[in-house]
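Hi everyone, thanks for coming.

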Amino acid sequence: MPKVEEEKGFVEILNSRYKLRGLFHIIEANQPIYNKDTGKLAGVTNPRDVTYIHSYGGEAIFFESLSKGKLMASRCDNEKCESKGSIYEPFRIFCPDCLRKNTIVDITEKAQKTAKIHSFIITHRSGAFNILPKPIKFINVEFDEEVVTILMSVLVVGEPEIGKRIIPIFRIKSPTYTIMDLMFVVKGTTESELPEKFSF
Ligand SMILES: [Zn+2]
(Lines give C-alpha, C1' and ligand atoms only; values in the text may rest on other atoms or scores of the structure.)
Protein backbone atom coordinates (compact mmCIF):
# COMPACT_ATOMS: atom_id res chain seq x y z
CA MET A 1 0.00 0.00 0.00
CA PRO A 2 1.45 3.43 -0.85
CA LYS A 3 2.62 5.18 2.26
CA VAL A 4 1.34 8.51 3.50
CA GLU A 5 3.86 11.30 4.05
CA GLU A 6 4.23 10.60 7.81
CA GLU A 7 5.20 6.99 7.08
CA LYS A 8 8.13 7.87 4.81
CA GLY A 9 11.77 8.35 5.73
CA PHE A 10 13.66 11.43 4.55
CA VAL A 11 17.40 12.08 4.68
CA GLU A 12 19.43 15.26 4.28
CA ILE A 13 23.08 16.01 4.82
CA LEU A 14 23.76 19.07 6.92
CA ASN A 15 27.21 20.07 8.26
CA SER A 16 28.59 16.79 6.84
CA ARG A 17 26.15 14.71 8.87
CA TYR A 18 23.17 12.61 7.86
CA LYS A 19 19.97 14.04 9.28
CA LEU A 20 17.04 11.64 9.35
CA ARG A 21 13.38 12.62 9.54
CA GLY A 22 10.31 10.39 9.53
CA LEU A 23 9.99 6.63 9.79
CA PHE A 24 12.56 4.12 8.54
CA HIS A 25 11.25 0.92 10.17
CA ILE A 26 7.53 0.19 10.18
CA ILE A 27 6.22 -2.94 11.85
CA GLU A 28 2.84 -4.27 10.79
CA ALA A 29 0.53 -6.81 12.41
CA ASN A 30 1.48 -10.38 11.53
CA GLN A 31 -0.90 -13.09 10.35
CA PRO A 32 -1.14 -16.74 11.30
CA ILE A 33 -0.53 -19.42 8.67
CA TYR A 34 -2.99 -22.24 9.20
CA ASN A 35 -2.78 -25.63 7.57
CA LYS A 36 -6.27 -26.09 6.13
CA ASP A 37 -5.76 -29.85 5.88
CA THR A 38 -5.00 -30.38 9.55
CA GLY A 39 -6.54 -27.26 11.14
CA LYS A 40 -3.23 -26.65 12.91
CA LEU A 41 -0.97 -23.62 13.07
CA ALA A 42 1.98 -23.88 10.71
CA GLY A 43 3.64 -20.48 11.18
CA VAL A 44 3.21 -16.71 10.88
CA THR A 45 3.89 -14.02 8.29
CA ASN A 46 6.43 -11.40 9.25
CA PRO A 47 5.64 -8.10 7.50
CA ARG A 48 8.43 -5.56 7.77
CA ASP A 49 8.88 -2.27 6.01
CA VAL A 50 12.44 -0.98 6.00
CA THR A 51 13.76 2.11 4.24
CA TYR A 52 17.32 1.54 3.18
CA ILE A 53 19.69 4.53 2.93
CA HIS A 54 21.85 4.04 -0.15
CA SER A 55 24.82 6.43 -0.32
CA TYR A 56 26.14 7.02 -3.84
CA GLY A 57 29.48 8.54 -2.85
CA GLY A 58 31.61 9.27 -5.91
CA GLU A 59 28.93 7.89 -8.24
CA ALA A 60 26.38 10.55 -7.26
CA ILE A 61 27.35 12.71 -10.25
CA PHE A 62 26.29 9.87 -12.60
CA PHE A 63 22.75 9.70 -11.17
CA GLU A 64 22.35 13.45 -10.79
CA SER A 65 23.37 13.90 -14.44
CA LEU A 66 20.80 11.36 -15.68
CA SER A 67 18.11 13.59 -14.19
CA LYS A 68 19.46 16.40 -16.43
CA GLY A 69 19.59 14.28 -19.58
CA LYS A 70 23.34 13.67 -19.44
CA LEU A 71 25.21 10.39 -19.53
CA MET A 72 28.44 10.61 -17.57
CA ALA A 73 31.31 8.15 -17.72
CA SER A 74 34.84 8.16 -16.34
CA ARG A 75 38.27 8.03 -17.98
CA CYS A 76 41.76 7.13 -16.79
CA ASP A 77 44.11 10.05 -17.51
CA ASN A 78 47.15 8.65 -15.74
CA GLU A 79 50.20 9.04 -18.03
CA LYS A 80 51.85 6.02 -16.42
CA CYS A 81 48.83 3.72 -16.82
CA GLU A 82 48.54 1.20 -19.67
CA SER A 83 44.82 1.94 -19.77
CA LYS A 84 45.27 5.72 -20.19
CA GLY A 85 42.44 7.11 -22.31
CA SER A 86 40.08 4.21 -21.54
CA ILE A 87 36.54 5.32 -20.83
CA TYR A 88 34.42 3.34 -18.40
CA GLU A 89 30.64 3.08 -18.66
CA PRO A 90 29.26 1.94 -16.22
CA PHE A 91 30.91 4.74 -14.34
CA ARG A 92 33.95 3.67 -12.33
CA ILE A 93 35.29 6.05 -9.70
CA PHE A 94 38.77 4.51 -9.85
CA CYS A 95 40.75 3.01 -12.73
CA PRO A 96 40.85 -0.77 -12.20
CA ASP A 97 44.42 -0.93 -13.58
CA CYS A 98 46.26 1.89 -11.77
CA LEU A 99 43.70 2.57 -9.00
CA ARG A 100 43.97 6.31 -9.56
CA LYS A 101 40.83 8.44 -9.49
CA ASN A 102 39.31 8.72 -12.97
CA THR A 103 38.30 11.92 -14.73
CA ILE A 104 34.54 12.40 -15.14
CA VAL A 105 33.53 12.74 -18.80
CA ASP A 106 30.23 13.51 -20.51
CA ILE A 107 29.50 10.85 -23.16
CA THR A 108 25.92 11.90 -23.98
CA GLU A 109 26.81 12.87 -27.55
CA LYS A 110 29.00 9.79 -28.02
CA ALA A 111 26.07 7.63 -26.87
CA GLN A 112 23.66 9.40 -29.23
CA LYS A 113 26.04 8.91 -32.16
CA THR A 114 27.54 5.46 -31.52
CA ALA A 115 25.47 3.37 -29.08
CA LYS A 116 24.51 -0.03 -30.43
CA ILE A 117 23.26 -3.35 -29.14
CA HIS A 118 26.12 -5.72 -28.35
CA SER A 119 23.78 -8.50 -27.20
CA PHE A 120 20.38 -8.83 -25.56
CA ILE A 121 18.11 -11.04 -23.46
CA ILE A 122 14.31 -10.98 -23.50
CA THR A 123 12.78 -11.72 -20.10
CA HIS A 124 9.13 -12.75 -19.97
CA ARG A 125 8.93 -13.54 -16.25
CA SER A 126 10.46 -11.12 -13.79
CA GLY A 127 11.22 -11.25 -10.10
CA ALA A 128 9.52 -9.35 -7.28
CA PHE A 129 9.38 -5.54 -7.42
CA ASN A 130 9.78 -5.39 -11.20
CA ILE A 131 8.41 -2.16 -12.65
CA LEU A 132 9.74 -2.52 -16.20
CA PRO A 133 7.25 -3.27 -18.98
CA LYS A 134 7.20 -6.98 -19.89
CA PRO A 135 8.63 -8.68 -21.82
CA ILE A 136 11.75 -6.85 -20.64
CA LYS A 137 14.28 -6.33 -23.42
CA PHE A 138 17.58 -6.23 -21.54
CA ILE A 139 20.40 -4.96 -23.71
CA ASN A 140 24.17 -4.81 -23.46
CA VAL A 141 25.15 -1.44 -24.86
CA GLU A 142 28.33 -0.90 -26.79
CA PHE A 143 29.72 2.58 -27.57
CA ASP A 144 32.72 3.54 -29.75
CA GLU A 145 36.18 2.00 -29.21
CA GLU A 146 37.18 4.59 -26.56
CA VAL A 147 34.63 3.05 -24.20
CA VAL A 148 36.17 -0.24 -23.08
CA THR A 149 33.18 -1.59 -21.15
CA ILE A 150 29.62 -2.66 -21.89
CA LEU A 151 26.63 -1.03 -20.20
CA MET A 152 23.58 -3.05 -19.17
CA SER A 153 20.31 -1.29 -19.88
CA VAL A 154 16.83 -1.82 -21.26
CA LEU A 155 15.29 -1.19 -24.69
CA VAL A 156 11.81 0.29 -24.30
CA VAL A 157 10.90 1.14 -27.90
CA GLY A 158 11.68 -1.14 -30.85
CA GLU A 159 12.92 -4.70 -31.20
CA PRO A 160 16.44 -5.69 -30.14
CA GLU A 161 18.91 -6.99 -32.71
CA ILE A 162 22.67 -7.38 -32.43
CA GLY A 163 24.43 -4.34 -33.90
CA LYS A 164 21.28 -2.20 -34.04
CA ARG A 165 21.79 1.52 -33.39
CA ILE A 166 20.07 2.81 -30.29
CA ILE A 167 19.63 6.19 -28.58
CA PRO A 168 19.61 6.94 -24.83
CA ILE A 169 16.53 8.48 -23.24
CA PHE A 170 16.32 10.11 -19.83
CA ARG A 171 13.64 10.50 -17.21
CA ILE A 172 14.04 14.23 -16.69
CA LYS A 173 10.46 14.77 -15.54
CA SER A 174 10.24 13.56 -11.90
CA PRO A 175 13.50 11.58 -11.91
CA THR A 176 14.04 8.65 -9.54
CA TYR A 177 17.82 9.31 -9.27
CA THR A 178 18.42 5.62 -10.00
CA ILE A 179 19.47 3.69 -13.11
CA MET A 180 15.74 3.61 -13.96
CA ASP A 181 16.20 7.18 -15.26
CA LEU A 182 18.21 5.83 -18.22
CA MET A 183 16.77 3.63 -20.95
CA PHE A 184 17.29 3.16 -24.69
CA VAL A 185 15.15 3.21 -27.83
CA VAL A 186 15.96 2.19 -31.40
CA LYS A 187 17.32 4.95 -33.63
CA GLY A 188 14.50 6.71 -35.47
CA THR A 189 12.09 6.63 -32.53
CA THR A 190 10.09 9.84 -32.26
CA GLU A 191 9.50 11.89 -29.10
CA SER A 192 5.82 10.88 -29.03
CA GLU A 193 6.73 7.17 -28.83
CA LEU A 194 8.79 7.60 -25.66
CA PRO A 195 7.51 6.31 -22.30
CA GLU A 196 5.85 8.84 -20.05
CA LYS A 197 8.25 11.28 -18.31
CA PHE A 198 11.15 10.38 -20.68
CA SER A 199 12.84 12.56 -23.27
CA PHE A 200 15.91 12.42 -25.49
ZN1 LIG B 1 44.64 3.84 -15.04
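Predicted model: local features only at pLDDT ≥ 70, side-chain atom pairs only at ≥ 80, totals over all residues.

I'll go from the overall layout to the core, then the strands, and then a few backbone details.

Along its principal axes, the C-alpha trace spans about 70 × 45 × 35 Å. Now, a compact globule of 200 residues would have a radius of gyration near 16 Å, but this chain comes out at 22 Å.

How much of the chain is buried? Out of the 200 residues, 20% count as buried. And if you take contacts between residues at least 6 apart in sequence, 47% of them join residues at least 24 apart.

Okay, the core. The largest nonpolar core has 26 residues, and the ones that touch the most other members are Ile107, Val141, Ile166 and Phe184. Helix H1 and strands S8, S11, S12, S13 and S14 each supply at least two residues of this core. The largest share is four residues, and that comes from S14.

Let's zoom in on valine 141. Which residues is valine 141 in contact with, once we leave aside its neighbours within four places in sequence? The list is Ala115, Ile117, His118, Ile150, Leu151, Ser153, Ile166 and Phe184.

Next, strand S13. Is S13 mostly covered or mostly open? Mostly covered: five of its six residues are buried. S13 runs antiparallel to S14, with five bridges joining them. In that pair, phenylalanine 170 stands opposite leucine 182 in S14. S13 is also joined to strand S15, residues 198-199, by two bridges, and that pairing is antiparallel too. There, arginine 171 stands opposite phenylalanine 198 of S15.

There's also an open sheet of three strands, in the order S8-S7-S9, with antiparallel pairing. Why is one side of S8 and of S9 left without a neighbour in the sheet? Because S8 and S9 stand at the edges, each with a single partner strand. Strand S7, residues 72-75, is joined to S9 by four bridges. To find one on your screen, look for alanine 73, whose bridge partner in S9 is valine 105.

Last stop, the backbone. Where are the cis peptide bonds I want to show you? One joins glutamate 89 and proline 90, with omega about 15°, and proline 90 sits in the loop between S8 and S9. Another runs from lysine 134 to proline 135, with omega near -5°. Proline 135 is in the loop between S10 and S11.

Then we have positive phi values in residues other than glycine. Serine 16 has phi near 65°, and you'll find serine 16 in the loop between S1 and S2. Serine 16 counts as exposed because it has 5 C-beta neighbours inside 10 Å, and the cut-off for exposed is 12 or fewer. Lysine 197 has phi near 75° and lies in the loop between S14 and S15. With 14 C-beta neighbours inside 10 Å, lysine 197 counts as partly exposed.

Key:
Residues numbered from 1 in each chain as written. Rg over C-alpha atoms; globule rule 2.2 N^0.38 Å. Contact = placed C-beta atoms within 7 Å. Core = buried A, V, L, I, M, F, W, Y, C linked by C-beta atoms within 7 Å. Pairing = 2+ DSSP bridges.
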